[in-house]
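I opened a new notebook page for this structure.

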Amino acid sequence: MAIKIGSHVSMSGGLIKSAQEAASYDANTFMIYTGAPQNTRRKPIEDLKIEEGYAFMKEHGLSDIVIHAPYIINLASYKEEIYELAISFLAEEIRRTEALRSNYIVLHPGSYTQKDVDYGIDRIADGLNNILTPETKPFVCLETMAGKGSEVGKSFEELARIIDKVQHSDKIGVCFDTCHTHDSGYDIVNNFDAVLEEFDRVIGLDRLKVFHINGSLNTMGARKDRHANVDAGDDNPRGKDHIGFDALYNIVHHDIAKDKPLILETPWLDKKTNLYKEEIHILREGR
């Protein structure tokens, strides 16, 4: 079966424009924010052109889209106003995810800032317990994080500890970000199968729902979270990819990736060049 691969696309013109952008990259899936990721302003669901979008998607072989929760959601915050906003806004984003007929909403777990990781884990789990119900339809996919600052989710163990504390844990999945996982210290370049074995032991491969496919501008374990383009060499304007094409190609074509959305979040360096189309092509077909 053909791999499901696409990229982040704009939602500014509704789902129809998102689908048209994805099709221009020869993608067969894509990821969107339901509005700007930096604020809470959102168009009404009835203005998102969902039916037109799905008609276009059916015609052009696009399916199994992914929603990304906005960055301003921080379920690990100790500040009550930020925490309450995170709970209410994530609940609304899940409702919009359902309306957009997506099975997945990807969530950065959160940052504990002036507290500690144990506090952050408990806070995130409590927040999810305030949101998730037996009727929740999409998987809330906790993203593997690079470990920058006070981020929660830099290890499989941290994600597992959150999941273990969530009452409706059947609603929790994981989004495996290649840049973040590499930057947090997992050797996905030389020992991807061993990393998967560890993931299975700690979390369970059945929870792995989505991949973010990104190179990294940093060496393994740097904990910096700086995405690189696929196959970026020494002459790349932003810097060299330390994961490399061979490792990313291996992941994209690995058995674990079958039937899962694979989403590029690589930098857009030159508006005159269709980078996503090029990267999707070489990851799908090889160099």
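Before reading the strand pairings, I set the rule: two strands pair if DSSP finds at least two bridges between them. I also noted that this is a predicted model.

**Entry: strands 2 and 3.** I applied the rule here. Strand 2 and strand 3 (residues 66–68) are joined by two bridges and run parallel. In this pair, M31 sits opposite V66 of strand 3. I then followed the chain between them. It leaves strand 2, passes through helix 2 (residues 50–60) and reaches strand 3, a right-handed β-α-β crossover.

**Entry: strands 1 and 2.** I turned to the other partner. Strand 1 (residues 5–8) pairs with strand 2 in the parallel sense, over three bridges. Here G6 is found opposite T29 of strand 2.

**Entry: the faces of strand 2.** Are the residues of strand 2 buried or exposed? I checked both sides of residues 29–32. T29 and M31 are buried on one side, and F30 and I32 are buried on the other. Both faces are therefore covered, with buried meaning under 20% relative accessible area.

**Entry: the largest pocket.** How much space lies in the largest pocket? I noted about 390 Å³. Its lining counts 20 residues. Nearest the centre of this pocket lie H68, Y71, H108, H180 and D225. I sorted the lining by class: five nonpolar, nine polar and six charged residues.

How values were computed
Residues numbered from 1 in each chain as written. Predicted model: local features only at pLDDT ≥ 70, side-chain atom pairs only at ≥ 80, totals over all residues. Heavy atoms only, no water. Buried < 20%, exposed > 50% of the residue type's maximum accessible area, 1.4 Å probe, protein only. Helix = DSSP H or I, 4+ residues; strand = E, 2+ residues; numbered from the N terminus. Right-handed = clockwise from strand over helix to strand, strands pointing away. 1 Å grid on protein atoms, 1.4 Å probe; cavity = no way out; pocket = protein on both sides within 12 Å on 5 of 7 lines; lining within 4 Å. Points joined across faces, edges and corners; volume = space filled by probe spheres on them. Nonpolar A, V, L, I, M, F, W, Y, C, P; charged D, E, K, R; others polar.
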